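Thanks for coming, everyone. Let me put the structure up, and then we'll walk through it.

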Amino acid sequence: MSNLREEEGEVQAIPGRFLKRCSACKVEKPIDEFVCGAYKCRSCSCAYNRAHYQRNKGKIRVQGTEYRQTEEGKIAGRRVQLKYKHGISLEEYRVLYQAQDGKCAVCGLYQKTLYVDHCHKTGKIRGLLCCRCNLVLGQVKDNTIILRSLAIYLEQTKGVEHEIQRFES
């Protein structure tokens, strides 16, 4: 196993390390500087990808926009968003959704899409909420004192109407 050959690059056994020749820059580099199965080193691959994107920016953006509008693209986007923002998979979201019968954990209304509610200090997921309930919690920054005060205010002012005097210029 001292000499392993590939189509474009060459892998050589060196005591304790493997070297491979980059097909772009022709420099022998440690094998861990290559993406698995690639013939170009990471730096050459990055440079090639940047140049390719600059040459084809418009076409790539249009393709991305079109893809995101397909059902497959929407699901892929949701999958990435859930993993990135909340660390859960789409399947884990669906389990939560089914456990709540598709209803908001606060108001109990059925919604096709529910938002993941989480504690901003710990990052732990509390449940799924409708857009309105999620926005309310976000506006008061999860402050239970403000929420209680709002409830008291609404109860105390129920049926109270004020005559507002309008000034004309």
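Our cut-offs: buried is under 20% relative accessible area, exposed is over 50%, and partly exposed is in between, with a 1.4 Å probe and protein chains only.

Before going on, the ground rules. This is a predicted model, where local features need pLDDT of at least 70, side-chain atom pairs count only at pLDDT 80 or more, and totals for chains, interfaces and linings use all residues. Residues are numbered from 1 along each chain as its sequence is written, and side-chain values use heavy atoms, with hydrogens and water left out.

Back to aspartate 142. Its place is the loop between helix H5 (131–139) and helix H6 (144–156). Its phi is positive, about 60°, although aspartate 142 is not a glycine. Aspartate 101 also has a positive phi, about 55°, and is not a glycine either. Look for aspartate 101 in the loop between H4 and E5. Aspartate 101 is exposed, at 55% relative accessible area.

Now the overall picture. The protein chain has 6 helices and 6 strands. Those are DSSP runs, numbered from the N terminus: helices are H or I with at least four residues, strands are E with at least two. Reading from the N terminus, the order is β-β-β-β-α-α-α-α-β-β-α-α. Of the 169 residues, 21% count as buried. The chain exposes about 13600 Å², with carbon and sulfur atoms supplying 55% of that. Those areas come from the Shrake-Rupley method with a 1.4 Å probe; for residues, only the protein chains shown count as cover.

Next, contacts, meaning heavy atoms within 4.5 Å. Take the contacts between residues at least 6 apart in sequence: 17% of them join residues at least 24 apart.

On to the helices. How do H2 and H3 pack? Helix H2 (residues 57–69) meets H3 at an angle of about 90°, with the axes 4 Å apart. Axes here are lines fitted to C-alpha atoms, for helices over the stretch in contact, and angles run from 0 to 180 degrees between N-to-C directions. H2 and H3 are therefore roughly perpendicular to each other. The scale is this: under 35 degrees is roughly parallel, over 145 roughly antiparallel, 65 to 115 roughly perpendicular, and the rest oblique. From H2, Tyr67, Arg68 and Gln69 take part; from H3, Glu71, Glu72, Gly73, Lys74 and Ala76.

H3 has another partner. Helix H3 (residues 71–86) packs with helix H4 (residues 90–99) at about 85°, axes 9 Å apart. That again makes H3 roughly perpendicular to H4. On the H3 side, the contact uses Ile75, Arg78, Arg79 and Leu82; on the H4 side, Leu90, Glu91 and Tyr93.

Stay with arginine 79 for a moment. This residue is in H3 and is partly exposed, at 36% relative accessible area. Leaving aside neighbours within four places in sequence, arginine 79 contacts Leu90 and Glu91. Its C-alpha is 6.4 Å from that of serine 89, 10 residues apart along the chain.

Now the strands. Strand E5 (residues 115–118) and strand E6 (residues 125–129) run antiparallel, joined by 4 bridges. Two strands pair if DSSP finds at least two bridges between them. Aspartate 117 has glycine 127 in E6 as its bridge partner. The two strands form a hairpin with 6 residues between them, and glycine 123 in the turn has a positive phi of about 80°.

Last topic: cysteines. How many disulfides are there? The count is 0, where a disulfide is a pair of cysteine sulfur atoms within 2.5 Å. Cysteine 107 is in no disulfide either; the nearest cysteine sulfur, in cysteine 104, is 3.8 Å away.

Cysteine 107 is partly exposed, at 37%. Cysteine 41 is in the loop between strand E4 (28–30) and helix H1 (42–55). Not counting residues up to four places away, cysteine 41 touches Cys22, Cys25, Lys29, Glu33 and Phe34. Its C-alpha is 7.9 Å from that of alanine 24, 17 residues away along the chain.
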